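Visitor: I would like to go through some labels on this model. Please set each value against its cut-off.

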Amino acid sequence: MHFRIDAQDGKARACTLTTAHSTIQTPVFMPVGTVGSVKALDALDLQSHLDPSIILGNTYHLYLRPGDEVVAELGGLHGFTKFPRSFLTDSGGFQAFSLSDNVKIEEDGITFRSHLDGSPHHFTPQKVLDIQYNLGSDIMMILDDLVALPATHQRIRESIERTTRWAERSIEYHRRKQEEGVGTEQNIFAIIQGGTDPAFRKISAEELCALDFDGFAIGGLSVGEASQEMYDTVEWTTTFMPKDKPRYLMGVGTPEDLVENVERGVDMFDCVMPTRNARNGTLFTSFGKITIKGARFTTDEGPIDPACDCMVCRTYSRAYLRHLFRAKELTYFRLATIHNLYYYLQLMKEMRAAIHEGRFGEFKREFYRKRLQQS
């Protein structure tokens, strides 16, 4: 991985990150392709209509189905899915924690039961890397001990201490495997924990950032805390993160969240929000969200967003999208997903341009001003 800072405006950064499969310009939003597919789209849709440089896959889901060894046999994620650019895979720890009824956290890893068939499984720091070696992702997230909030100080302390120990095992194992010729083109990111407690975030960030990881993520946020509490935690945490490595805020978020956290120095984001909201009838626009099932769109010949240049807005009307949604026509899911992801990706490009031009503050004011409009 090669990483450089191209421009900076306040704390907001425009960077270039190069992996074996693509050049990624930040700030970047990674569409979520949990099981090797961005829901409702295929690799041709992604390349033809959206042009993302990186998407996200999930270790937990791909390990359970179809199995990481199957993916490896079929050419890794790139060969299997035919998406030729970069993949980031998260460790699967969050899914093991959230989807299983009975999770046991032990010193060597996490024991859980599959949400598919109830079968028992055990993730260790080493095992989740072995799975990701098979997947062939460009960026691999290590196993961390995440905490559901609210939590006691004792539980958060245990979490950051265990996360550091697992990180030490992960980096040692990864460097050893690379010496053996495994994962030589794969990069490894650690995940900073600590809830919303500044002292714990500082401890976790300093301990993890002292280790030789290729990049660092902020985890454990966007789990129900107030937006301002999240923003304050991110602003505090980034002060302890290296300036010369990528910064990734996991599972965030709304367009407002992206703007606020780019302003605080974050480079990379992912979230299911644009794809999930598309399927539920909520579409993102430059002036806020609209619910396409509304009766007011029955005969509306205008595009979803007059300011949007996506294939959907150039071709179809709000009335047609509403009809597809109300008729439960599968085509709706594809078109709505393309639009929402285009909006997110374009938002990142606009922020990058504003950083280069030294006008991020002006961009942010205009972003919020437009959201006061109605259309």
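Visitor: Why is R165 called partly exposed?
Guide: Its relative accessible area is 30%. Buried means under 20%, exposed means over 50%, and partly exposed lies in between (1.4 Å probe, protein chains only). So R165 is partly exposed. This is a predicted model: local features need pLDDT of at least 70, side-chain atom pairs count only at pLDDT 80 or more, and totals for chains, interfaces and linings use all residues. Residues are numbered from 1 along each chain as its sequence is written, and side-chain values use heavy atoms, with hydrogens and water left out.

Visitor: What makes R165 and E107 a salt bridge?
Guide: The closest N and O atoms are 2.9 Å apart. The rule asks for a side-chain nitrogen of Lys or Arg within 4 Å of a carboxyl oxygen of Asp or Glu. The pair therefore qualifies. R165 sits in helix α7 (residues 153-179), and E107 in the loop between β7 (104-106) and β8 (109-113). They are 58 residues apart, and the pair links distant parts of the chain. Helices (H or I, at least four residues) and strands (E, at least two) are DSSP runs, numbered from the N terminus.

Visitor: Is E107 buried, exposed or partly exposed, and how do you know?
Guide: E107 has a relative accessible area of 34%. That makes E107 partly exposed.

Visitor: Why do R264 and E260 count as buried?
Guide: R264 has 11% relative accessibility, and E260 has a relative accessible area of 9%. Both values fall under 20%, so both residues are buried. Their side chains meet in a salt bridge, 2.9 Å from N to O.

Visitor: Why are R369 and E366 said to be about one helical turn apart?
Guide: Because they are 3 residues apart in helix α15 (residues 360-370). R369 is partly exposed at 39%, as is E366 at 31%. Elsewhere, salt bridges that share partners join K11, E235, E260, E263, R264 and K364 into one network.

Visitor: What makes a set of residues a nonpolar core?
Guide: Its members are buried Ala, Val, Leu, Ile, Met, Phe, Trp, Tyr and Cys residues, joined through side-chain atoms within 4.5 Å. The largest here has 91 residues. F29, F213, L249, M351 and F360 touch the most other members. Helix α14 (residues 330-356) gives the most, with 14 residues. Apart from this core lies another, of 18 residues, among them C15, I24, L56 and F189.
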